[in-house]
Amino acid sequence: QSTWGYNDVSVLENHHAATMFEIAHKLELFAGMDRAEFKYLRRMIVRCILSTDLAVHADRMRLFDERAATYDPKKEDDRMLFCELLIKSADISNPARAFQLSKWWSDMITEEGFSQGQRERELGLPVSPFMDPKTHSQAKMSIGFIDFFVLPIFRAIERVAPLVGESVIPSLAKNRLMWQSMLDLENSAPAQPAESPKPTVALSGSTSGSGSG
């Protein structure tokens with residue numbers, strides 16, 4: 001139903017934005033604003049939430065890269081775009097946390113994805129990208145996520161807000177090394193032999209293939 005309601009465009013993000021405003025309306029959070037203030041705030045919130053869709057990540061990064069050198073906080077479009085990047089960076093910032101906490105969240109996300117992949121396989125459906133434990137490694141995916149999404153966005157923000165980069169990027173580098181160490185261990189481990197079918201226990205207590213005993 002939500003997919004139809006949002007015409008297959010950023011369905012989850014549109015749902016988040018709509019739900020946020022429903023809750024805010026019930027709580028009368030914007031009651032003290034005039035129409036112009038509310039209109040401006042709503043536009044900013046909606047843009048920021050919709051920007052968290054990874055499908056538009058490359059486009060937002062390209063646009064900010066074009067504007068970063070001449071960024072002017074007095075320009076509304078520049079402010080809006082920078083706010084989008086800040087929300088996007090917060091949305092995907094887990095790899096920058098202390099490694100123990102970051103890995104815990106990564107474990108939860110990976111387990112959820114692999115469970116979905118397993119269910120898709122059981123239903124005879126194509127397994128979604130990165131959700132097949134037979135072909136994907138958590139450590140390898142984490143490194144790729146840092147390299148292609150998290151680090152570039154904080155590098156971009158650093159061009160306008162250097163202190164953000166100084167505080168976050170060293171943590172990303174440290175955690176990437178931890179994941180790389182884990183991946184190296186995976187790659188150096190001997191290949192596990194295919195698991196043999198477990199014997200079926202017969203009613204008499206014997207196992208199939210071992211005679212009547």
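Tutor: A residue is called buried under 20% relative accessible area, exposed over 50%, and partly exposed in between, with a 1.4 Å probe and protein chains only. This is a predicted model, in which local features need pLDDT of at least 70, side-chain atom pairs count only at pLDDT 80 or more, and totals for chains, interfaces and linings use all residues. Residues are numbered from 1 along each chain as its sequence is written, and side-chain values use heavy atoms, with hydrogens and water left out.

Phe38 is partly exposed, at 29% relative accessibility. Its ring pairs with that of Phe30 in a tilted arrangement, 5.3 Å centre to centre with 55° between the planes. Rings of Phe, Tyr and Trp (its six-membered ring) pair if their centres lie within 6.5 Å; planes under 30 degrees apart are stacked, over 60 edge-to-face, and the rest tilted. Phe30 is buried, with a relative accessible area of 18%.

The structure holds 8 aromatic pairs. One of them is edge-to-face: Phe21 and Phe38, at 6.3 Å centre to centre and 90° between the planes. Phe21 belongs to helix α2 (residues 11-26) and Phe38 to helix α3 (residues 35-50), so this pair ties together parts 17 residues apart in sequence. Helices here are DSSP runs (H or I, at least four residues), numbered from the N terminus. Phe21 is buried, at 11% relative accessible area. Ring pairs link Phe21, Phe30 and Phe38 into a cluster.

How values were computed: Helix = DSSP H or I, 4+ residues; strand = E, 2+ residues; numbered from the N terminus.
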